[in-house]
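Dear colleague,

I am passing on a structure that you have not worked with before, and I would be glad if you could look through it with the notes below beside you.

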Amino acid sequence: LKQDLAMGHNPDPHTRSKLRNGITIHYGNYIYGDTDFAMLEARKFKSFQADGTMLGTKQEEWLQEWCNTNTDKVKVVLAQTAFANIATDYYHADGELRSNDGDSQSKDSNGYPVT
């Protein structure tokens with residue numbers, strides 16, 4: 001209920017499905033004039049596996065479909081999670097800025113648990 005109240009001002013979501021734990025899903029799009037906004041939910045679907053996903057399979061499929069429809073519109077993607085920043089590619093160690101070139105250092109943008 002709290003989440004539905006907090007998200008109630010958003011446009012209708014793409015699906016009325018719920019996750020196994022009962023949390024509602026709120027990703028979807030909103031068209032305003034010549035602009036089509038996609039509103040993503042990355043925090044609910046983030047996978048910490050090496051071949052994981054930020055959006056989950058169903059949301060990724062929806063996003064691909066969204067990209068291929070209303071092609072006459074300007075497309076804008078909105079997300080509450082930063083998909084890339086300097087912290088995902090570099091880290092500090094021993095007073096030096098080092099590259100995240102495949103080692104085990106965190107590549108997450110301030111998520112939990114630390115990966």
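Is asparagine 70 buried, partly exposed or exposed? With a relative accessible area of 33%, asparagine 70 is partly exposed, where buried means under 20% relative accessible area, exposed means over 50% and partly exposed lies in between, for a 1.4 Å probe and protein chains only.

Before going further, please note that this is a predicted model, in which local features need pLDDT of at least 70 and side-chain atom pairs count only at pLDDT 80 or more, while totals for chains, interfaces and linings use all residues. Residues are numbered from 1 along each chain as its sequence is written, and side-chain values use heavy atoms, with hydrogens and water left out.

Asparagine 70 belongs to the loop between α2 and β3 (74-78); helices (H or I, at least four residues) and strands (E, at least two) are DSSP runs, numbered from the N terminus. Although asparagine 70 is not a glycine, its phi is positive, at about 50°. For background, most residues other than glycine have a negative phi.

Turning to the aromatic residues, a search of the whole structure finds two aromatic pairs, and rings of Phe, Tyr and Trp (its six-membered ring) pair if their centres lie within 6.5 Å, with planes under 30 degrees apart counted as stacked, over 60 as edge-to-face and the rest as tilted. The pair of tyrosine 27 and tryptophan 62 is tilted, because the ring centres are 5.4 Å apart and the planes stand at 50°. Since tyrosine 27 lies in the loop between α1 (2-7) and β1 (28-32) and tryptophan 62 in helix α2 (residues 57-68), this pair ties together parts that are 35 residues apart in sequence. The pair of tryptophan 62 and tryptophan 66 is stacked, because the centres are 6.4 Å apart and the planes at 25°.

Tyr27, Trp62 and Trp66 form one aromatic cluster. Tyrosine 27 is buried at 4% relative accessibility, tryptophan 62 is buried at 5%, and tryptophan 66 is buried at 4%. The charged end of lysine 75 sits over the ring of tryptophan 66, 4.2 Å from its centre, a description used if NZ of Lys or CZ of Arg is within 6 Å of the ring centre and within 35 degrees of the ring normal.

Finally, threonine 15, in the loop between α1 and β1, touches Ile25 and Tyr27, not counting residues up to four places away in sequence, where contact means heavy atoms within 4.5 Å.
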